[in-house]
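Dear colleague,

Please find below the structure that I am handing over to you, together with its sequence. My notes on what was found in it follow directly after.

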Amino acid sequence: MNNMEIILYTLLSLSGLGIILALILYVVAQRFKVVEDPRIDEIDELLPGANCGGCGYPGCRGFAEALVQADSLDDFYCPVGGNETMKAAASILGKEVAEKEKQVAVVRCQGSPEHRKKTSEYDGPQSCILESKTYSGDSDCPYACLGLGDCVEACDFDAIHMNPETHLPEVIEANCTACNACVEVCPHDIIELRNAGKKSRRIYVSCVNEDKGGPAKKACDVACIGCGKCVKVCAFDAITLENNLAYIDYEKCKLCRKCVDECPTNAIVEVNFPPKKKKTEKKPPPDKKETEKKSQPKDNTNQASENEQEQQNSNSDETKA
Amino acid sequence: MLKTFPKGGVHPEENKLSAGNGIKKMPLPKQVIVPVSQHIGAPAQAVVKRGDKVKTGTLIAKAGGFVSSNAHSPVSGKVKKIDNMMDAAGFKKPCIIIDTEEDEWEEGIDTSNDLIKDINATSDEIRNKIADAGIVGLGGATFPTHVKLSIPDGKSIDHIIINGAECEPYLTSDHRVMLEKGHQILIGTQLLMKATGVSKAIIGIENNKRDAIEFLTNIAKEYDGIHIQPLKVQYPQGGEKQLIKALLNREVPSGGLPLDIGCVVQNVGTTVAVYEAVQKNKPLIERVVCVTGKSVKEPCNLVARIGTPLSELIEEVGGLPEDTGKVISGGPMMGKAVSTTDIPVTKGTSGITIFNKIESKRGVATNCIRCARCLSVCPVGLEPYHLKNISENEDWEMLEQEHVMDCIECGSCSYTCPANVPLLDYVRLGKANVSQIIRSRKK
């Protein structure tokens with residue numbers, strides 16, 4: 001056998017093997033072909049690709065698959081992409097989608113050290129969930145923010161930060177996609193998703209303390225004491241009082257702000273409202289301004305209209321820097 | 001060679017500061033706060049209301065099921081209110097608050113110091129009396145004692161084990177009880193033997209309590225079937241499963257009970273309570289609490305009524321030291337730091353350990369260096385570093401497969417870790433989640 005023959009046989013046997021294998025692969029590919037709806041790819045392209053799980057599906061592709069398979073899109077919503085993405089997806093699928101109001105996470109606790117006295121110190125591992133398994137927290141309020149930032153860690157969008165002064169998380173509204181990650185991770189259920197509201201104006205009870213008035217107030221100056229004054233003053237039945245805690249239904253609330261003035265402990269917070277003209281007959285409670293200050297940087301919007309607010313925004317930017 | 005459990009264990013500094021000090025009686029508190037539920041199991045229901053007059057020993061909360069326990073008024077006086085008060089972990093729990101007027105006992109309770117050796121009650125009577133008296137495991141786990149003594153059909157036991165190991169550093173309450181109430185312990189043990197129809201009992205005592213071993217061995221000759229067994233000083237010798245392994249060389253199966261391998265374990269303090277309940281009709285209204293710590297002026301063992309605020313006990317030993325870092329309800333290994341001393345003594349409060357600022361400091365956690373010390377000290381044979389990693393990644397199913405529920409939370413792993421990794425914290429978190437999953441599966 002000369003050299004040429006060796007090369008020839010090698011080439012022939014290898015290419016023959018290649019052809020046989022290619023044929024097998026072709027037959028298998030034809031036989032076990034997975035027909036995928038091309039719309040899944042199209043919708044997957046549209047989606048933000050954050051894979052945050054805010055829609056309730058495992059990642060964006062899972063959501064796209066579910067959308068294509070669904071009969072109606074009513075129960076689906078991509079909080080990151082919002083209404084625009086949903087509309088675009090609906091047009092690909094030739095279906096209708098109801099517009100949903102934009103939501104944003106709000107932190108329902110104002111218990112900064114100045115309002116809520118520390119009664120103990122926690123020196124265990126720095127994680128809210130571990131602290132909550134050990135005890136009720138470092139103050140007398142067992143409902144309050146533990147301040148160790150599990151929510152900050154959970155956020156994929158850089159939308160929540162701890163304020164070093166108040167030791168409370170603050171939501172940056174522009175970044176918040178309402179994906180629900182912080183809500184789920186908070187062991188004290190302090191964070192809630194609420195409708196962003198007209199012009200990003202919101203009113204909510206910034207407290208989750210279910211204790212009776214006495215102990216609640218003793219533990220924290222700005223706690224909801226369950227007095228029910230807000231319920232009485234509300235003309236739209238938007239406020240309910242349960243377990244010594246008021247709750248404002250954001251669907252019913254017309255943002256009239258009567259309850260904000262009525263609340264004796266300033267537990268009800270208004271955000272992004274222009275400052276009110278001072279009423280002459282009623283003296284505002286002394287620490288009212290402070291709470292407002294506290295609440296406003298929580299939802300730093302870019303649409304600051306008032307001078308005061310701009311100032312505050314820049315202030316909080318400074319502190320962040 | 002002294003007997004001990006074969007796997008793991010640590011030997012922390014013993015610091016039994018109050019071992020030489022006799023048991024002192026606390027003065028009556030002005031007000032008691034009695035949590036309605038002081039046991040593991042179904043919550044009890046309050047049966048008194050505001051303004052009711054109660055005597056010492058009056059039933060104030062009734063067991064809310066079989067695995068539940070009664071509570072009795074520890075003082076005589078007037079029920080001030082029934083309100084939610086803070087417990088050791090800072091959560092609000094329903095409590096009965098009684099203003100003390102005097103110390104008038106309920107009729108039928110023998111308050112004398114006479115020793116009653118003759119056992120007249122039948123086994124059913126003993127069990128019922130124990131249940132009525134609201135006796136729970138006084139070692140700290142507060143499991144209702146009558147439940148442990150009710151042997152289900154098809155199971156049989158051959159040994160009663162009395163736990164006098166007191167392996168926790170600092171604590172000496174069981175030690176003092178053994179020295180001062182030896183006869184009561186032995187009669188109580190015989191009552192437990194009669195209730196379960198067992199002829200053999202072993203009292204396991206760690207070898208650092210030689211005087212107690214000697215004393216009990218001497219007087220045990222008067223009682224049939226009770227054997228005193230010295231044990232090696234090793235934490236957690238007093239863990240139920242470890243004690244059985246050390247004394248009988250039997251192993252409680254994973255997820256099982258000591259009942260499955262033919263024994264029942266009771267604490268020495270519980271036997272005294274059993275003696276008092278059966279022979280003297282006295283419900284469980286007081287217990288020995290060891291108040292100790294390096295900076296404490298006079299560490300001692302106090303008999304306190306249930307419901308006495310911890311602050312009064314601390315006052316009794318010379319007040320809270322200035323350099324206090326942590327006040328721990330229980331011992332330093334398994335106890336829990338409390339956030340306020342206004343909380344009451346409950347049936348499970350075996351001691352109050354006061355740590356100074358240096359002792360109480362938790363080291364800065366660094367990375368695991370894979371030295372495997374946690375593995376070698378785990379008395380259950382688990383891999384704490386591995387469990388911690390899984391728990392951190394929230395893989396609860398895998399955690400269950402790794403037998404996280406067998407962890408007895410003794411804390412040996414965290415104690416021994418040179419990198420100060422918060423191992424037990426994560427294991428506890430995992431256990432909480434896994435037990436939730438198991439419970440939801442059962443439904």
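In chain B, β5(B) pairs with strand β6 (residues 71-72) in the antiparallel sense over 2 bridges. Strands here, like helices, are DSSP runs numbered from the N terminus, a strand (E) having at least two residues and a helix (H or I) at least four; two strands count as paired if DSSP finds at least two bridges between them. Within this pair, L59(B) has H72(B) in β6(B) as its bridge partner. Strand β5 (residues 59-62) of chain B also pairs with strand β3 (residues 45-46) of chain B, again antiparallel and over 2 bridges. There, Q45(B) has K62(B) of β5(B) as its bridge partner. Together these 3 strands form an open antiparallel sheet in the order β3-β5-β6 (chain B). Its edge strands, β3 and β6 of chain B, each pair on one side only.

Before going further, please note that this is a predicted model, in which local features need pLDDT of at least 70 and side-chain atom pairs count only at pLDDT 80 or more, while totals for chains, interfaces and linings use all residues. Residues are numbered from 1 along each chain as its sequence is written, and chains are lettered from A and ligands numbered from 1 in the order in which they are written.

A further open sheet in chain B has 6 strands in the order β1-β14-β13-β17-β15-β16, with mixed pairing. Because β1 (23-25) and β16 (336-337) of chain B stand at the edges with a single partner strand each, one side of each is left without a neighbour in the sheet. Inside this sheet, strand β15 (residues 324-329) and strand β17 (residues 351-356) of chain B pair in the antiparallel sense over 5 bridges. S329(B) stands opposite I352(B) in β17(B). Helix α3 (residues 173-180) of chain B packs on the sheet and touches β1, β13 (286-292), β14 (300-305) and β17 of chain B. The direction of α3(B) makes about 125° with that of β13(B); axes are lines fitted to C-alpha atoms, for helices over the stretch in contact, and angles run from 0 to 180 degrees between N-to-C directions.

Helix α3(B) has a helical partner as well. Its axis and that of helix α7 (residues 268-280) of chain B come within 9 Å and cross at roughly 45°. That makes α3(B) oblique to α7(B), given that angles under 35 degrees count as roughly parallel, over 145 as roughly antiparallel, 65 to 115 as roughly perpendicular and the rest as oblique. On the α3(B) side the contact (C-beta atoms, placed from the backbone, within 7 Å) is made by S173(B), D174(B), V177(B) and M178(B), and on the α7(B) side by V268(B), G269(B) and V272(B). By class, the contact of α3(B) with α7(B) has 4 nonpolar, 2 polar and 1 charged residues. In this scheme Ala, Val, Leu, Ile, Met, Phe, Trp, Tyr, Cys and Pro count as nonpolar, Asp, Glu, Lys and Arg as charged, and the others, Gly among them, as polar.

Helix α11 (residues 384-392) of chain B has P384(B), Y385(B), L387(B), K388(B), I390(B) and S391(B) as its buried residues. A residue is buried if 20 or more other C-beta atoms lie within 10 Å of its own, exposed if 12 or fewer, and partly exposed in between, with C-beta atoms placed from the backbone. The cover over the buried residues of α11(B) includes α10 (373-377), α12 (396-401), α13 (412-416) and α14 (423-442) of chain B. After α11(B) comes E394(B), whose phi is positive, near 55°.

Some backbone details in the loops of chain B may also be of use to you. Y235(B) and P236(B) are joined by a cis peptide bond with omega of about -5°; P236(B) lies in the loop between β11 (226-231) and α6 (240-248) of chain B. N249(B), although not a glycine, has a positive phi of about 55° and lies in the loop between α6 and β12 (263-267) of chain B. N249(B) counts as exposed because it has 10 C-beta neighbours inside 10 Å. H403(B), also not a glycine, has a positive phi of about 60° and is found in the loop between α12 and α13 of chain B.

Turning to chain A, its secondary structure comes to 12 helices and 8 strands, and buried residues make up 38% of its 321 residues. Finally, 13 residues of chain A are in contact with 13 residues of chain B.

Yours sincerely

Terms used:
Contact = placed C-beta atoms within 7 Å.
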